[in-house]
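User: I would like to work through this model with you, one point at a time. Please give the cut-off behind each term when it first comes up.

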Amino acid sequence: MANNSGEQPAREEPIVNIVGEKVALGPLHDDLLPLLVKWDNDFPTADLQGGDMRPRSRHAVTAFWEPLIQGGREDRVDFAIYERATLRPIGHTNLRDLDGVRRTAEFGITIGERALWGKGYGTEATILALDFGFTVLGLHNVMLDTWSYNERAIRAYTKAGFREIGRRREAQRIGNAVYDVVFMDCLATEFQNPLGSVVVHH
Ligand SMILES: CC(C)(COP(=O)(O)OP(=O)(O)OC[C@H]1O[C@@H](n2cnc3c(N)ncnc32)[C@H](O)[C@@H]1OP(=O)(O)O)[C@@H](O)C(=O)NCCC(=O)NCCS
């Protein structure tokens, strides 16, 4: 909305916690909900991110995300992903099923803006989230699973430091076509952040 002088009000910059070269990570917030509704209803994105392809109302999407936006969950950490140059929200990433005894977690990521796939954003966001997991949360092993046909994800994960540890055969199905589920993990002792640690003390 224009103000009295006819100028657009300056858009408030989002809060970010971790800044990389291409992306920045920050807390989830309510203003992301319209984008989350859009991304969760994009069938190719919903499938590739491991979910079911089904219509999701604003109400249903809000019911899922609202508790995560409120925070306070001991078992997971969620970040919004921003394009660094514009600070525009482009997706989200998480470390979930955090187990402090075993120092393990599962990893998830979605770049919701399809036009921005393949620009290195997912690889860098994965590196930043892994570094946070290993450095700040003290994790030792982070695991993920993905569909075997999600070659872009497998490539991005491999570049970030994950490696394949096995497959659950023919456990994904679209119509009559069956696909493997690929499991990958990364150890703190193997991980290197080419950008330098997310936690820098001067
Ligand atoms: C998976 C995802 C996070 C990857 O992020 P991204 O920013 O698109 O990926 P990046 O650009 O960092 O890296 C992709 C790599 O895969 C390559 N690639 C792209 N399409 C490919 C394909 N069809 N086959 C093989 N490699 C492919 C790219 O060339 C790039 O590798 P390179 O840098 O060596 O050239 C993102 O695409 C996404 O969110 N997709 C939808 C949801 C999803 O799949 N989430 C993951 C669930 S497990």
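User: Is Glu170 buried or exposed?

Analyst: This is a predicted model, in which local features need pLDDT of at least 70 and side-chain atom pairs count only at pLDDT 80 or more, while totals for chains, interfaces and linings use all residues. Residues are numbered from 1 along each chain as its sequence is written, and side-chain values use heavy atoms, with hydrogens and water left out. Relative accessible area under 20% is called buried, over 50% exposed and anything in between partly exposed, using a 1.4 Å probe and protein chains only. Glu170 has a relative accessibility of 55% and therefore counts as exposed.

User: Which strand holds Glu170, and what is its phi?

Analyst: Strands are DSSP runs of E with at least two residues and helices are runs of H or I with at least four, both numbered from the N terminus. On that basis Glu170 belongs to strand S7, residues 163-174. Its backbone has a positive phi although the residue is not glycine, and the value is near 55°.

User: Where does Leu87 lie, and what is its relative accessible area?

Analyst: Leu87 is another residue other than glycine with a positive phi, here about 60°. Leu87 sits in the loop between strand S3 (76-83) and strand S4 (88-99). Although it is a loop residue, Leu87 is buried, because its relative accessible area is 19%.

User: Which residues come nearest to the ligand?

Analyst: Near here means that a heavy atom of the residue lies within 4 Å of the molecule. There are 22 residues around the ligand, and those that come nearest are Ile111, Gly120, Gly122, Thr123 and Lys159.

User: How much of the ligand's accessible area does the protein cover?

Analyst: The area comes from the Shrake-Rupley method with a 1.4 Å probe. On its own the ligand has 950 Å² of accessible area, and the share of this that the protein covers is 76%.

User: Which element gives the most residues to the shell around the ligand?

Analyst: By class the shell has eight nonpolar, eight polar and six charged residues, where Ala, Val, Leu, Ile, Met, Phe, Trp, Tyr, Cys and Pro count as nonpolar, Asp, Glu, Lys and Arg as charged, and the others, Gly among them, as polar. Strand S5 (104-111), helix H4 (121-136), strand S6 (141-147) and helix H5 (151-160) each supply at least two of the shell residues. With seven residues, the element that gives the most is H5.
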